[in-house]
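Dear colleague,

Please find the structure below, handed over for your use.

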Amino acid sequence: MSVLLSSPGLAFAGDDSTKPAPGVAEILNYDYVYLSRNGTESDQQSGGGTAAGGYKSVREHLHVFGSYDDGAMYAGSHPNWDYDLKTLRVGAGGHFFIGKRTVFAPSVSIFYSHGTVMDASWSAPHRISGTGYIAQFELRHAVNRWLELTAAARRTKSIDGSSNELIGGVMLHVHRNWAFGVMEHQRDHKASTELTVRYYY
């Protein structure tokens, strides 16, 4: 893993970067596991789900990741459907510093989903299953050693269509191993709020 990513004494302007910050999460790291709860609101339905996954740096500028979720967090694009899906996702991406505080991270992933969908006009849920892919471009910016801002654009080709998504959020690194955050997702005709916790290993 890159020294820049793994060093708790990452050199920020105005910081005494020769001194590590014990008890503070390593900013802009790609070695962590996470658990997220996502609540979705649209004109026709509301719902949510839970996702669990992890990231691992495997080269200086390369990471891999995977997740499992039960609420169409990464799959499903129809604005009027209520999803009950199980989704397995795997992917890889790059991470590149822009200056000393910002990382640009493009990634691509594939997923498999199966479950049911329900529309208000139907008398019973319909079964659905299939594969899709996600292309994402993410920026992570370390305001300081405790506060991280995140912005991303995501294009998803799912089992029932395609969608575009904008994501913005904030992560609070409260401990060397722990961070908590809130992400706002704006997908075509659908918005959601993600609450997430990360454990850095």
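**Strands around β6**

Strand β5 (residues 96–98) and strand β6 run antiparallel and are joined by three bridges. Within this pairing, Ile98 stands opposite Thr102 in β6. The hairpin formed by β5 and β6 has three residues between the strands, and Gly99 takes a positive phi near 75° there. Please bear in mind that this is a predicted model.

With strand β4 (residues 82–94), β6 pairs in the antiparallel sense over 12 bridges, and Gly93 stands opposite Ser107 in β6. With β7, β6 also runs antiparallel, and 16 bridges join the two. One of the residue pairs here is Ser113 with its bridge partner Gly130 in β7.

**The largest cavity**

The count comes to two cavities of 30 Å³ or more. The largest cavity has a volume of about 390 Å³. Its lining consists of 27 residues, and those nearest the centre are Tyr32, Tyr55, Gln136, Glu138 and Arg154.

Which strands each supply at least two residues of this lining? They are β1 (32–42), β3, β6 (102–118), β7 (126–142), β8 (147–158), β10 (178–187) and β11 (190–200). By class, the lining of the largest cavity has 13 nonpolar, eight polar and six charged residues.

**Aromatic residues**

Nine aromatic pairs were counted in the model. One of them is formed by Tyr55 and Phe65, which are stacked at 5.0 Å centre to centre with 25° between the planes. This pair links distant parts of the chain: Tyr55 belongs to strand β2 (residues 46–59) and Phe65 to strand β3 (residues 62–69), 10 residues apart.

Are these two residues buried or exposed? Tyr55 has a relative accessible area of 14% and is buried. Phe65, at 7% relative accessibility, counts as buried too. The cut-off applied is that buried means under 20% relative accessible area.

Tyr55 and Phe65 also belong to one aromatic cluster, together with Tyr30, Tyr32, Tyr34 and Tyr200. Tyr30 has a charged neighbour: Arg140 lies over the face of its ring, at 4.8 Å from the ring centre.

With kind regards

Key:
Residues numbered from 1 in each chain as written. Predicted model: local features only at pLDDT ≥ 70, side-chain atom pairs only at ≥ 80, totals over all residues. Heavy atoms only, no water. Phe/Tyr/Trp six-rings, centres within 6.5 Å; stacked < 30°, edge-to-face > 60°. Helix = DSSP H or I, 4+ residues; strand = E, 2+ residues; numbered from the N terminus. Buried < 20%, exposed > 50% of the residue type's maximum accessible area, 1.4 Å probe, protein only. Lys NZ or Arg CZ within 6 Å of the ring centre and 35° of its normal. 1 Å grid on protein atoms, 1.4 Å probe; cavity = no way out; pocket = protein on both sides within 12 Å on 5 of 7 lines; lining within 4 Å. Points joined across faces, edges and corners; volume = space filled by probe spheres on them. Nonpolar A, V, L, I, M, F, W, Y, C, P; charged D, E, K, R; others polar. Pairing = 2+ DSSP bridges.
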